[in-house]
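Have the chain in view as you read.

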Amino acid sequence: MSLNSKYVIGIDFGTLSGRAVLFDVKDGSYITSATYDYPNGVIDEHLPGDSKTLPVGTALQNPMDYFETIVYTFKKILSESEVSPNNIIGVGVDFTACSILPCLADSTPLSEISEFKNNPHAYCKIWKDHTSQPYADRLNTLAIERNETFLEYYGGKISSEWMLPKIMEIAELAPEVYCRADYILEAGDWITWKICGVQNRNSCAAGYKAVWNKYNGYPSDDFLISLNPLFVDLKSTKLNAPVKTPDSLAGYITKEFSALTGLKEGTPVAVGIVDGHSSVMGLGICEAGTMIDIIGTSASHMLLCNRYKYVPGICGAVEDGIITGFIGYESGQAGMGDHFQWFVDNALPFSYHNKAELLGISDMEYIFSLVEKLKPGESGLVALDWWNGNRSTLVDSDLSGIIVGMNLRTKPEHILRALCEASAFGLRRVIDNYRSHGVEVKKFCAAGGIAEKNSFLMQLYADILNMDVYISGSSQSAALGAAILASCASGPERGGYGDVYSASKSMGSLKKEYFKPKKLNKDIYNQLYLLYNKLYDSFGVTDKSIMKSLKNLQKSL
């Protein structure tokens, strides 16, 4: 490392942990990293110190876990690297979204106030909290009745994973929390506020998760009041902060945060970005027609386009939401790695666990070694990948998983193989949806832990999509994307970049090796895809009543 080299930090906040990574500004090369697991994890059964059972579908977090993460990881990076704080020219933050929290004007989360310690609505509601589905349904119905034009940019429907339904839930079930909150904001924006002392809203989260656009802002006051009379001042108070693009400067490291971490006071901090969207820069993608699939607990698909076209069932189409100058489309699958993990945790026989233990490998590695040996179609099963609802193209968190074809000869590896195939079929359905509405998908790239580690699944994707599959050159693509934005916020005068295009091309990358479709597999999967589509339409379009009735019965007990 040269004494004159310049570095940036990108910190990636995921569902279970946060990781800060130090990169070289010149070429994006990895220097060191530090990870911190959230002490409270995902709060989905009981609040800390409270025995009351939370409703089904709840997913909360303690925002102070996030602050502990950034302090711990920054200190660790500085202590373990040879890099001087004087050579760190910027910090960038990406955050899994939509994750919203209510707080006071001094940034104190309401969950830290004694009177709200046992109120779940005072905590951070993360993306996978689906308890606001009834409010999303009501919002969509009202928007359609009123011919609200904003729905067009969200595929015709707002998800329960987004900000407004979550705020509606707070206002109706806990008005005392809503009224006490000075601000309600994304956790990623809260973090940048904490470290630079200035509150901004990033155009990525605001655009994709909070129904904001650069021309009209948030929905009209009239519409918001129709959702709840308390929303009369929602925009002018609780959402009131400048909205900036992710490649902009948010502020500078404060004296207080410098003392906590060792970072130099005055170090530039970039405006935040959503984690999946950040990976676009991390892969060095700055052109239209390339889909980036960030595969983790869920999957987020990003796609740049030169001009806007209406596509139903997407999560959003936002101008300047990812890279300034492009329309950025987002779609996704609400269950990915987490429904593979569900299977291993809940449906794997003890005998399989024993075999894995004898081989010295994990249960996941062992079952996937069996899955890989199966031929396409050999399981005799076809499944729907809706274990955590459907994010795209149906936008309905009340839909659930299904497996067809099981019999007394069905083995665990057959079931997991069907779940893997279903995840790829679900992705193909999304891509078909884009193409049928005039949005090109010419190239496919994948990032995230599954893309990096599971070559079987990536080959499966190539076969089912009938596309080459390229993999991120960095195992920390989201953090790298945040670091790239930090290099833009710092600017050339400090050793960074003048624009996101040159920064991405210099620092982002793809691996040279890629996965090509296998013709024999492709032909069989085309047949299975027809069956998948029949299930998809039968249970997701023609008749949703079975899945919804089951969920309603469960909630009533």
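C98 sits in the loop between strands β5 (88-95) and β6 (100-103), and a cis peptide bond with omega of about 10° joins A97 to C98. Helices (H or I, at least four residues) and strands (E, at least two) are DSSP runs, numbered from the N terminus. Keep in mind that this is a predicted model, where local features need pLDDT of at least 70, side-chain atom pairs count only at pLDDT 80 or more, and totals for chains, interfaces and linings use all residues. Residues are numbered from 1 along each chain as its sequence is written, and side-chain values use heavy atoms, with hydrogens and water left out.

- Most residues other than glycine have a negative phi, and most peptide bonds are trans.
- Another cis bond runs from S392 to T393, with omega near 15°; T393 belongs to the loop between β18 (382-384) and β19 (402-404).
- D320 isn't a glycine, yet its phi is positive, near 65°. You'll find D320 in the loop between β16 (316-319) and β17 (327-333).
- N466 has a positive phi too, near 55°, and is also a residue other than glycine. Look for N466 in the loop between α16 (455-465) and β21 (469-472).

- Buried means under 20% relative accessible area, exposed means over 50%, and partly exposed is in between (1.4 Å probe, protein chains only).
- D320 counts as buried, because its relative accessibility is 8%.
- N466 has a relative accessible area of 44%, so N466 is partly exposed.

**A helix tucked inside**

- Why is helix α10 (residues 275-282) described as largely enclosed by the rest of the structure? Because eight of its eight residues are buried.
- Those buried residues include D275, H277 and M281.
- Just after α10 comes G284, with a positive phi of about 75°.
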